[in-house]
Amino acid sequence: MDRLRTARVWKLSILFVFWAGVAQAASVTLAWDPNPEPVAGYRVYWGNVPGTYVGSVNVGNQTSYQMGGLTDGMPYYFVVRAYNSAGMLSAPSVEVSRRVGIPFSIAGDFNGDFKSDIAVFRPSTGAWYIRGQATYMWGGGNDIPVAGDYDGDGKIDVAVYRPSTGVWYLRGLSNISWGGGADIPVVGDYSGDGKSDIAVYRPSTGAWYIRGYATYTWGGGNDIPVPGDYDGDGRTDIAVFRPSTGTWYIVRSVTGSGVVVTWGGGADLPVPGDYDGDGKTDIAVFRPSNGNWYTIKSSTGVGSIVAWGGGADIPVPGDYDGDGKTDIAVFRPSNGNWYTINSTTGVGSIVAWGGGADIPILKLP
């Protein structure tokens with residue numbers, strides 16, 4: 001079952017979305033906070049495009065609803081509105097989304113418990129150390145860890161990319177030649193089938209080569225690839241961050257249109273993630289000089305600043321508490337500590353795991 005939560009907007013907020021696919025008729029169960037003011041009931045709205053709702057249903061005075069008859073593989077966007085005895089409607093909740101009937105995995109979740117695992121790759125030995133689980137020997141030297149759910153089972157697979165030969169080594173699956181040289185691996189589910197696609201970004205030409213899917217030209221030079229699901233349709237969108245101007249260039253897969261946003265710049269490190277739990281990737285940067293995280297939440301369009309880490313710390317955002325929201329976190333190579341802020345409670349935690357030249361699996365490109 002998949003979980004998706006959102007931040008509160010107005011007085012109404014969808015908390016969970018669960019989906020399950022059966023043949024060609026998928027079902028979705030939504031649950032939301034009760035309105036603190038007296039209401040007569042709630043109405044659920046849905047559609048296949050963000051902000052456009054072609055259907056609605058009056059669910060009465062209850063705070064959950066199971067909707068059937070949805071089409072597997074299609075993206076759906078939902079909001080809920082309360083109404084009073086006079087039929088007056090509240091403002092809509094935050095929009096949440098999911099591509100239904102498709103396997104869904106959490107970044108860094110090797111055991112399928114919907115929580116990101118603390119894990120490092122040690123190039124000197126080729127060892128993968130996954131906290132609370134197993135240690136695997138896979139890769140080494142100049143190999144780049146490219147963990148992803150390549151078989152669509154909801155669990156992240158151990159994998160490395162070898163720039164010198166352009167070969168991807170997927171543990172327990174296969175070895176595949178794709179890319180090479182200065183190409184940057186950009187793992188993501190670009191096709192929306194619930195499986196990670198093998199893909200590389202070539203800075204010299206700005207080309208994105210996605211195996212078995214398509215080739216796009218977007219960005220180039222010193223741009224940093226920042227793929228993510230910015231429109232919430234269940235497919236990874238092509239995007240780059242340009243440090244020289246602080247500009248994000250995003251191609252929304254749901255419409256094919258480009259979006260330009262200015263946020264960050266200079267030595268800032270891009271750290272996109274779903275920080276508000278609405279099913280859409282949020283634009284965010286980490287500033288090593290002051291340890292600030294600057295985030296724009298897609299649910300509200302409002303920016304926020306959180307101070308956490310700094311200096312040589314490596315940002316490692318992930319859903320460590322399993323609440324459907326990306327947690328702010330850093331890995332400190334000097335002592336091997338992971339410093340994480342639980343997004344549900346706001347409480348920080350420290351875990352010692354790895355150190356030195358170890359590469360945290362959740363490190364972004």
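This report describes strands, a nonpolar core and aromatic contacts in a predicted model.

## Basis of the description

Because the model is predicted, local features are given only where pLDDT is at least 70 and side-chain atom pairs only at pLDDT 80 or more, while totals for chains, interfaces and linings use all residues. Residues are numbered from 1 along each chain as its sequence is written, and side-chain values use heavy atoms, with hydrogens and water left out.

## A four-stranded open sheet

Four strands form an open sheet in the order β4-β3-β6-β7, with antiparallel pairing; strands here are DSSP runs of E with at least two residues, numbered from the N terminus, and two of them pair if DSSP finds at least two bridges between them. The edges are taken by β4 (55–60) and β7 (96–99), each of which has a single partner strand, so one side of each is left without a neighbour in the sheet.

Strand β6 (residues 75–83) is joined to β7 by four bridges in the antiparallel sense, and Y77 stands opposite S97 in β7.

## The largest nonpolar core

A nonpolar core is a set of buried Ala, Val, Leu, Ile, Met, Phe, Trp, Tyr and Cys residues joined through side-chain atoms within 4.5 Å, where buried means under 20% relative accessible area, with a 1.4 Å probe and protein chains only. The largest such core has 16 residues, and those with the most contacts inside it are W32, V44, L70 and F78. Two or more residues each come from β2 (25–32), β3 (41–47), β4, β5 (64–70) and β6.

## Aromatic pairs

Rings of Phe, Tyr and Trp (its six-membered ring) pair if their centres lie within 6.5 Å, and the planes count as stacked under 30 degrees apart, edge-to-face over 60 and tilted for the rest; by this rule there are eight aromatic pairs. The ring centres of W32 and Y42 are 5.7 Å apart with planes at 65 degrees, so this pair is edge-to-face. W32 lies in strand β2 and Y42 in strand β3, so the pair ties together parts that are 10 residues apart in sequence.

W32 counts as buried at 3% relative accessibility, and Y42 counts as buried at 2%. Y76 and F78 form a stacked pair, 6.3 Å centre to centre with 20 degrees between the planes, and both residues are buried.

## Strand β20 and its partners

Four of the five residues of strand β20 (residues 238–242) are buried, so this strand is largely enclosed by the rest of the structure. Strand β19 (residues 224–225) runs antiparallel to β20 and is joined to β20 by two bridges, with P225 opposite V240.

Five bridges join β20 to the antiparallel strand β21 (residues 247–251), and F241 stands opposite W248. β20 and β21 form a hairpin with four residues between them, and G246 in the turn has a positive phi of about 70 degrees.

Definitions and conventions. Buried < 20%, exposed > 50% of the residue type's maximum accessible area, 1.4 Å probe, protein only.
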